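Colleague: I have a few quick questions about this chain. Could you put it up first?

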Amino acid sequence: MAMVLDAFASYVQNMLTEMVTEEVHMLLGVRDEIDKMDVKLRDLKNFLADADRRNITDESVQEWVGQLKRTMYEATAIVDLCQLKAMELSPSKLDVGCFNPLLFCMRNPSHAHEIGTHIKALNQNLETIKERGAAFSFIPLRSYVDHSRKVQDSHSGNKRHETSGVFDQSGVVGEKIKQDIRKLVETMLSEKDGNTNIMVVAIVGVGGIGKTTLAQKVFSDEALNKFEKTIWLSINKDFDEVELLKTIITQAGGVHGGEKALAVLQPILATTLKGKKLFLVLDDVWNHGAWDDVLKTPLANVVAPGSHVLITTRDETIARRMKVVPPYHHVDKLDEEDAWSLLKKQIISSEFDGRDIDMLRDIGLKIVAKCDGLPLAVKVMGGLLCQKDKKHHEWEMVLADSIRSISGMPEELNHAIYLSYEDLPSCAKKCFLHFSLLPKTALFGSHEIIGMWINEGFLHGASDDLEELGSKYYKELILRNLIEPNTMYIEQNVCNMHDVVRSFAQFVARDEALAAHSGETNIFGKLSAHEFLRLSLESNASELARWVRLEFFASRKDTKGTNISCLYKYQAW
């Protein structure tokens, strides 16, 4: 799977730590080189989180990151080489007290020199990479959190992604959203029994499914004119507490006077909204602190009874921590007709266009079927089709592209899923990317997936705790709507990954991993054009045998041949 640099560096360092624990003084002639590698990895780890982030969107660092990733793969290859050396001996000759293959090689003089030479070469590569990395001004780990809000902007500039209560009619289709609006408006008009004056309601769903659109429609509904104050706040991931308070005070009609202390601003907010019936929308909530730590205290006991807060979030955990009134409102996917209507809205520019597009309805329905009812996917697909001629064969080519033009990942798609990915722990990122390389047509139980993660070395810790840790990450991906439980199976044991999310993950992995089906006609071209580190191939038994033969012969071709010999990992399903 695509390597997450920070997590993989930790994995290699754990290996080195184990070597030190297990009598490193017995390593023949390579202790200094191992110490050097450990120091270099520690130095590089200060910058890897920022390097990983910039690698997704900044072409200037991609070659440097690629070189570092290949060097890290070479480090794991050394372990594989030690394993092979150990297997050359019969079981009776193996040192039964040595369970670490690298230690085994170091304790055998016939192998120590070869392994030591590899480690020395790795150190030289790491030193060169470290020197080159200085030119990119990566943010050190200790400063990364402080600077993250400044560097998580879009491709086109440093504008913060804001939403507003004004809705885009081009994204609204179908009777279902009208039913959802009526249901939520009724909830906003209801009264809550209890001690608090405010009811908190949540709209939950994967990025791009239409949470903001639905909230905008509710916000603008005339029935909510009964509220004395209606306020829309776009929270975003890295909100500033002071700016958040200043914004809501201004929208409420108050004056903050340029104050910068929460202890001063919160009473101003309370005074401004005292006795007022409030309808507040908190859009795109990533952290319960925006409500619990900043807004709840000044509002909860001063606004009039019947006040409501409506949040939109990708994560059910956030809703639970904010004590949202159940049940949460989950946005449903579009049905076939609504998806087709939305697709046409993205493409039609005139009545003449409309007639042409209606002639493509048969292939159009197949295309929207691939979007699985996700409005964002339909809109992204519509943007792609706008670049094509309105011809059947052109749309057929789009339909056949399973990854859907990930080489030029659209801005909107990046924003919808990129932030969800960035918010994951580094080890969970590796698990997420690995899931995207599994064949779409196969079903894997959660225990199988977690077993793969353990075998790949993604999970770090005591061996007895790895399954529990893997289960935690698996549930984390579900809660963040990055994988979706298959309703045909109980207890979320089987999950699917939506095509749009899969496309994003494979975009992140594009320089390292190729996920393909052996029946595809352009696999050879892709392998020839790029030195992938990993190939995940969906194939049947006969096709697998053919590919094994291909790998054998391709590895002996000259540099113009297919680059299968560069693969560190080859999986067939």
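**Helix α15 and beyond**

Modeller: In α15, the buried residues are Ile363, Gly364, Leu365, Ile367, Val368 and Lys370. Buried means under 20% relative accessible area, exposed over 50%, and partly exposed in between, with a 1.4 Å probe and protein chains only. Helices (H or I, at least four residues) and strands (E, at least two) are DSSP runs, numbered from the N terminus. This is a predicted model, where local features need pLDDT of at least 70, side-chain atom pairs count only at pLDDT 80 or more, and totals for chains, interfaces and linings use all residues. Residues are numbered from 1 along each chain as its sequence is written, and side-chain values use heavy atoms, leaving out hydrogens and water.

Colleague: What follows α15?

Modeller: Asp372 does, and its phi is positive, near 55°.

Colleague: How many helices and strands does the chain have?

Modeller: There are 24 helices and 10 strands. Of its 573 residues, 52% count as buried.

Colleague: Which residues touch the most other members of the largest nonpolar core?

Modeller: Val218, Phe279, Leu310, Leu343, Leu385 and Trp395, out of 44 residues in that core. A nonpolar core is a set of buried Ala, Val, Leu, Ile, Met, Phe, Trp, Tyr and Cys residues joined through side-chain atoms within 4.5 Å.

Colleague: Which elements supply at least two residues each?

Modeller: Among them are α7 (175-189), β1 (198-204), β3 (278-283) and α15 (361-370). The core also draws at least three residues from each of domain 2 (175-330) and domain 3 (336-423). Those bounds come from an automatic or database domain assignment.

Colleague: And what is Leu310 in contact with?

Modeller: Leaving aside neighbours within four places in sequence, its contacts include Met188, Val201, Ala215, Val218 and Phe279. Contact means heavy atoms within 4.5 Å. Apart from this core lies another, of 34 residues, with Phe239 and Leu244 among them.

Colleague: Switching to Glu394. Is Glu394 buried or exposed?

Modeller: Glu394 counts as buried, because its relative accessibility is 18%. Glu394 lies in helix α17. Beyond four places in sequence, Glu394 is in contact with Lys388 and Asp389.

Colleague: Now Met488. Where is Met488 found?

Modeller: Met488 sits in the loop between β6 (484-485) and β7 (495-496).

Colleague: Buried or exposed, that Met488?

Modeller: Met488 is exposed, at 70% relative accessible area.
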